[in-house]
Amino acid sequence: MNKTILITGHSKGLGRSLTEKLLATNNIRVIGISRTASGIQHPLLKEIFIDLSDKAQTIQLKETLSSFSFDALVLNAGANHIKPPQSYSLEEINKIIQLNFTSNALLIRMCLNTLLKNKGHIIGIGSYSGVEVKKWNNFYGSSKAGLHHLLRNLFEQYRKQELKVSIVIPDIMNTEFYAHQDFEPPTQDEYSLQVNDVAEMISQWIIQPPKYVPFEIVLRPQMFQLKRK
Ligand SMILES: NC(=O)c1ccc[n+]([C@@H]2O[C@H](COP(=O)([O-])OP(=O)(O)OC[C@H]3O[C@@H](n4cnc5c(N)ncnc54)[C@H](OP(=O)(O)O)[C@@H]3O)[C@@H](O)[C@H]2O)c1
């Protein structure tokens, strides 16, 4: 077997598409972390069911993950509820920051030693909400901005040790991300990034790593609109 990759949020959307592409090589083992099962049946997939918005559950991963030697860590799990800051309960704010920032920081720390040993790759899925200062890009956008900043720092810190770090910054993608929101993009293709295209780009970095570091990639659809459902 070639490589072992940890992917958070492997059950749906971008993470699921990436998981399928890596498993299709039949020589990459994927450890996937989500709350629910992906339904993917493959001998090289190990699924771990954890709520990454829960600090205690995330910390408990330390022991399980210490038995693997990772070549890449794909920090992909994320969620938001687009609404004004005053509409959030304190618990919701805590969970958004935990899921979109703190759990990623904890997972990096848990996997860093093996990633350094393997001259591995950390790939973080950020968000255009973490770049753009805009109405309602509040707790989620700030958590993603924090993730971008942490990953930029890690590259500077460890590039001489040949750790690769990539930050993928998508705008709107056609996934279930909007299923529980009050807003959604129009259904026409030009209003969303196609999840298959984004997953294909990332999968190639793992399957056939380029000689350069794809450090920070902003991906935007041609058109933009989020409309109230
Ligand atoms: N879609 C967009 O327009 C868009 C734009 C910019 C950035 N992004 C970012 O892209 C990444 C992928 O999102 P997506 O569009 O593929 O969304 P998605 O289809 O909703 O998938 C999200 C994944 O994250 C997992 N997840 C969510 N909450 C979790 C929790 N509390 N604990 C563990 N796993 C959890 C989900 O699994 P379970 O439900 O099984 O737990 C699922 O596998 C996210 O980081 C998101 O913030 C998305």
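Colleague: Let's start with Gln98. Is Gln98 buried or exposed?

Modeller: A residue counts as buried when its relative accessible area is under 20%. In this predicted model, Gln98 has a relative accessible area of 9%, so Gln98 is buried.

Colleague: Where is Gln98 found, and which residues does Gln98 touch?

Modeller: Gln98 is part of helix H4, which covers residues 90-117. Setting aside residues up to four places away in sequence, Gln98 touches Leu52, Ser53, Asp54, Lys55, Thr58, Ser103 and Leu106.

Colleague: Now a loop residue. Why does Ser192 count as buried?

Modeller: We use the cut-off of under 20% again. Ser192 counts as buried because its relative accessibility is 9%. Ser192 sits in the loop between strand S7 (183-184) and helix H6 (195-207).

Colleague: Which residues is Ser192 in contact with, leaving aside neighbours within four places in sequence?

Modeller: Those residues are Ile172, Met173, Asn174, Pro185, Pro186 and Pro221.

Colleague: Let's turn to a strand. How many residues of strand S1 are buried?

Modeller: For strand S1 (residues 3-8), the count is 6 of 6, so to speak: the strand is mostly covered.

Colleague: What joins S1 to strand S2?

Modeller: There are 6 bridges between S1 and S2 (residues 28-34), and these strands run parallel. To find your place in the pair, look for Ile7, which stands opposite Gly32 in S2.

Colleague: Last topic, the ligand. How many residues surround the ligand, and which are the closest?

Modeller: The ligand is surrounded by 30 residues, and the closest are Lys12, Thr36, Asn76, Tyr140 and Thr175. By type, the shell divides into 12 nonpolar, 12 polar and 6 charged residues.

Colleague: How much of the ligand's accessible area does the protein cover?

Modeller: On its own the ligand has 880 Å² of accessible area, and the protein covers 96% of that. Helix H1 (13-23) and helix H5 (139-158) are the elements that give two or more residues to the shell.

Conventions:
Residues are numbered from 1 along each chain as its sequence is written. This is a predicted model: local features need pLDDT of at least 70, side-chain atom pairs count only at pLDDT 80 or more; totals for chains, interfaces and linings use all residues. Side-chain values use heavy atoms; hydrogens and water are left out. Helices (H or I, at least four residues) and strands (E, at least two) are DSSP runs, numbered from the N terminus. Buried means under 20% relative accessible area, exposed over 50%, partly exposed in between (1.4 Å probe, protein chains only). Contact means heavy atoms within 4.5 Å. A residue is near a molecule or strand if one of its heavy atoms lies within 4 Å of it. Accessible areas come from the Shrake-Rupley method with a 1.4 Å probe; for residues, only the protein chains shown count as cover. Ala, Val, Leu, Ile, Met, Phe, Trp, Tyr, Cys and Pro count as nonpolar, Asp, Glu, Lys and Arg as charged, and the others, Gly among them, as polar. Two strands pair if DSSP finds at least two bridges between them.
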